[in-house]
Amino acid sequence: MPLDIDTYKTGDLAFVRLKGSLTAGVSLSIAEGRVQQAISDGAKKLLLDIGQISYADSSGLGMLMQSFAAAQRGECALRIVGANQKLRDLLQTMRLDTILTLDPDVDTALKKFFTAAATDKTSNPD
């Protein structure tokens, strides 16, 4: 199944939604480019929705790690949401779950983004 990619941005929050297979190929490079573009465009929070990914190979896992690295370089918080059980098991086996921030769904990720932002403002007032 090919990879479909949807992106949108509101304020400093960017969404990248992926659907299909996260496997080596042109689509994977495009997805990685979209993540990097969102960060270059000023996103400080990035939600990478993989809830509709049916399969990921090593290149797909590499793309997730490249996204994490790009987010760190761009001082952008990255949350990955919606991984199915098979993908979560793979991320745990590879111990990538200790590096990547995984949330079960979009609502949880958004709450954590905005809870962290509120905490930052109260602990470091302008």
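In which sense do β1 and strand β2 (residues 13-22) pair, and over how many bridges? Select both: the pairing is antiparallel, over 7 bridges. Two strands pair if DSSP finds at least two bridges between them. Helices (H or I, at least four residues) and strands (E, at least two) are DSSP runs, numbered from the N terminus.

Before you go on, a bit of housekeeping. This is a predicted model, where local features need pLDDT of at least 70, side-chain atom pairs count only at pLDDT 80 or more, and totals for chains, interfaces and linings use all residues. Residues are numbered from 1 along each chain as its sequence is written, and side-chain values use heavy atoms, with hydrogens and water left out.

**Stop 1: the sheet.** Click on Lys-9 and look across to β2, where its bridge partner is Ala-14. Now show the whole open sheet: 5 strands in the order β1-β2-β3-β4-β5, with mixed pairing. β1 (4-10) and β5 (102-103) are at the edges with a single partner strand each, so one side of each has no neighbour in the sheet.

**Stop 2: a helix pair.** Next, select helix α1 (residues 26-40) and helix α2 (residues 58-73). Their axes (lines fitted to C-alpha atoms, for helices over the stretch in contact, with angles from 0 to 180 degrees between N-to-C directions) come within 10 Å and cross at roughly 10 degrees. α1 and α2 are therefore roughly parallel, a label for angles under 35 degrees. To see the contact (heavy atoms within 4.5 Å), show side chains including Leu-28, Val-35 and Ile-39 of α1 and Met-63, Gln-66 and Ala-70 of α2.

**Stop 3: inside α2.** Pick Leu-64, which sits in helix α2. Is Leu-64 buried or exposed? Its relative accessibility is 0%, so Leu-64 counts as buried (under 20% relative accessible area, while exposed means over 50% and partly exposed is in between; 1.4 Å probe, protein chains only). Leaving aside residues up to four places away in sequence, Leu-64 touches Leu-22, Leu-48, Ile-50, Ile-80, Leu-91 and Leu-100.

**Stop 4: two loop residues.** Find Glu-75 in the loop between α2 and β4 (77-81). Its phi is positive, near 50 degrees. Most residues other than glycine have a negative phi. At 65% relative accessibility, Glu-75 counts as exposed. Finish at Arg-95, in the loop between α3 and β5: phi is near 65 degrees there, again a positive value.

Conventions. Angles under 35 degrees count as roughly parallel, over 145 as roughly antiparallel, 65 to 115 as roughly perpendicular and the rest as oblique.
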